[in-house]
Amino acid sequence: MGGGSEINAALYHRPLGATLQEWQARTAIEDFTPEQLWPHFEAVERDCNVNLIPGGNGPASDLLRRGAGSMGWSTREIARFWDYRGATPETGLLSGRQSMSVSLIPRALRAGARLLPDTRVLSLTRTGGRITGAKAVYSPPGQRSEGVELRAKHVFVCAGAVQTPRLLRRSGFTHNVGDTLQLHPMIRITARFPESFNELRWGVPTEQVDQFKPALTLGCSYSSVPHLALWIGAELGDKRKRLADWRRTAIFYFAAVGSGLGRIRDLPPVNEPFIHLPLTSADLARLGEGLQRLGELLFAAGAEELSSPIEGGPGFRSVRELEAVSRALPQGKMPVSTIHLFSSAPMGSDRARTATDSFGKVWDTENLYVNDASLFPESPAVNPQGTVLAVARRNAVRFLGG
């Protein structure tokens, strides 16, 4: 019920107008100018309570601003899908996330929507170019599974950039499906400072360095002790001792716009996807730049020590120590992660490059639509959640004849 919005930081961006224009040109998307899309972003901002934190956004964000200011780099606070009414830094900002289960899904239920929990769709059923429904399995906890047949006049697949192409391919739709997955590769490191600054009651730090956007974003993550335990490398010495000093330590990240294209295929024996997306030389170069930039910022802000992004690598105590590593990051030896995936069933009127038309209808079908991050022709270069919702709203309005 809502996917990533239930667990993520709920950071909200509008993409740059230039990004939308590049998408439109790349795959010939109809009716996709920034001016046509801004009303949909405005509706998302209203419906999902997009806000800035009242009264500042915490000491970790202050630290990031301090380091960026020393370097002459710009930063800005990122708004969130959040309800801050009644919340203060003193009482805590951890509650109030406007995830789909507290915003748009209740609205859909009031309008007559039904949810079928514990139900897994196996494949879509069709006659010619028309989808008639889906075959599914109902598996309630503690009970025997049973097959279910769903019937529908129209079908929207909104299962995310990995599961949507899996379902489409299992159902026989393979044209430009699952061959162009893109993501934002991210690397996290920890930094220790002389003073205490890590205060969990502020929630996720919302300040980002936007000096190098759209290619590169620098920021700070939520840094509880369990989170820190994942990223403080053993090369820094006694991990228990360092975790006991957690208020002087936080997790920082750099995320890039990836240049590789990934393939998604099904592994039926284990019911899992197989994803192949190697980092390109351009990705490694950009991540190396990200490490250098982030390290410079953190040392400028007063950091005593940084962990290494390379497994088993030594920590850093100066910018000079960063330079050699930044110039030659090794493939396969870094814990690269991502929480932003998209572009695995792109939309547009250029049929040779897309899986759907300009409004998400799958080619050669009458009533099958995709309406999630799979549709993006390329990276949005920002946290994608706001763009996912705005594009989905645009396509739904078109479907309804608006």
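**Reading the labels in this model**

Student: Why is Ala 87 called buried?

Tutor: The relative accessible area of Ala 87 is 16%, and a residue is buried under 20%, exposed over 50% and partly exposed in between, with a 1.4 Å probe and protein chains only, so Ala 87 falls among the buried residues. Please keep in mind that this is a predicted model, in which local features need pLDDT of at least 70 and side-chain atom pairs count only at pLDDT 80 or more, whereas totals for chains, interfaces and linings use all residues. Residues are numbered from 1 along each chain as its sequence is written, and side-chain values use heavy atoms, with hydrogens and water left out.

Student: Where is Ala 87 found, and which residues does Ala 87 touch?

Tutor: Ala 87 is in the loop between strand 4 (79-81) and helix 4 (104-110), where helices (H or I, at least four residues) and strands (E, at least two) are DSSP runs numbered from the N terminus. Leaving aside residues up to four places away in sequence, Ala 87 touches Gly 92 and Leu 93, a contact being heavy atoms within 4.5 Å. From C-alpha to C-alpha, Ala 87 and Ile 53 are 9.4 Å apart in space, although 34 residues separate them in sequence.

Student: What makes Gly 58 count as buried or exposed?

Tutor: The relative accessibility of Gly 58 is 6%, which falls under the limit for buried, and therefore Gly 58 counts as buried. Gly 58 has its place in the loop between strand 2 (50-51) and helix 3, and the C-alpha atoms of Gly 58 and Pro 205 are separated by 6.9 Å, while the two residues are 147 residues apart along the chain.

Student: What is the relation of helix 1 to helix 2, and why is it called that?

Tutor: The axes of helix 1 (residues 17-27) and helix 2 (residues 34-47) come within 10 Å and cross at roughly 120 degrees. Helix 1 is oblique to helix 2, because angles under 35 degrees count as roughly parallel, over 145 as roughly antiparallel, 65 to 115 as roughly perpendicular and the rest as oblique. Axes here are lines fitted to C-alpha atoms, for helices over the stretch in contact, and angles run from 0 to 180 degrees between N-to-C directions.

Student: Which residues of helix 1 and helix 2 meet?

Tutor: On the side of helix 1 they are Gly 17, Leu 20 and Gln 21, and on the side of helix 2 they are Pro 34, Leu 37 and Trp 38. This contact has 4 nonpolar, 2 polar and no charged residues, where Ala, Val, Leu, Ile, Met, Phe, Trp, Tyr, Cys and Pro count as nonpolar, Asp, Glu, Lys and Arg as charged, and the others, Gly among them, as polar.

Student: How are helix 8 and helix 9 placed to each other, and why?

Tutor: The axes of helix 8 (residues 281-300) and helix 9 (residues 319-327) come within 9 Å and cross at roughly 175 degrees, an angle in the range over 145, so helix 8 and helix 9 are roughly antiparallel. Among the residues that meet are Gly 288 and Leu 291 in helix 8 and Val 319 and Leu 322 in helix 9. By class, this contact has 5 nonpolar, 4 polar and 2 charged residues.

Student: How many aromatic pairs are there?

Tutor: The count comes to 12 aromatic pairs, where rings of Phe, Tyr and Trp (its six-membered ring) pair if their centres lie within 6.5 Å, and planes under 30 degrees apart count as stacked, over 60 as edge-to-face and the rest as tilted. Trp 73 and Phe 212 form an edge-to-face pair, with 4.9 Å from centre to centre and 80 degrees between the planes. Both Trp 73 and Phe 212 are buried.

Student: What makes the rings of Tyr 369 and Phe 399 a pair, and of which kind?

Tutor: Their centres are 5.3 Å apart, which is within the limit for pairing, and their planes stand at 80 degrees, so the pair is edge-to-face. Tyr 369 lies in strand 18 (residues 368-370) and Phe 399 in helix 10 (residues 385-399), 30 residues apart. Tyr 369, at 13% relative accessibility, is buried, whereas Phe 399, with a relative accessible area of 33%, is partly exposed.

Student: What is the phi of Asn 271?

Tutor: Phi of Asn 271 is near 55 degrees, a positive value in a residue other than glycine. Asn 271 lies in the loop between strand 14 (263-267) and strand 15 (272-276), and its relative accessibility of 36% makes Asn 271 partly exposed.
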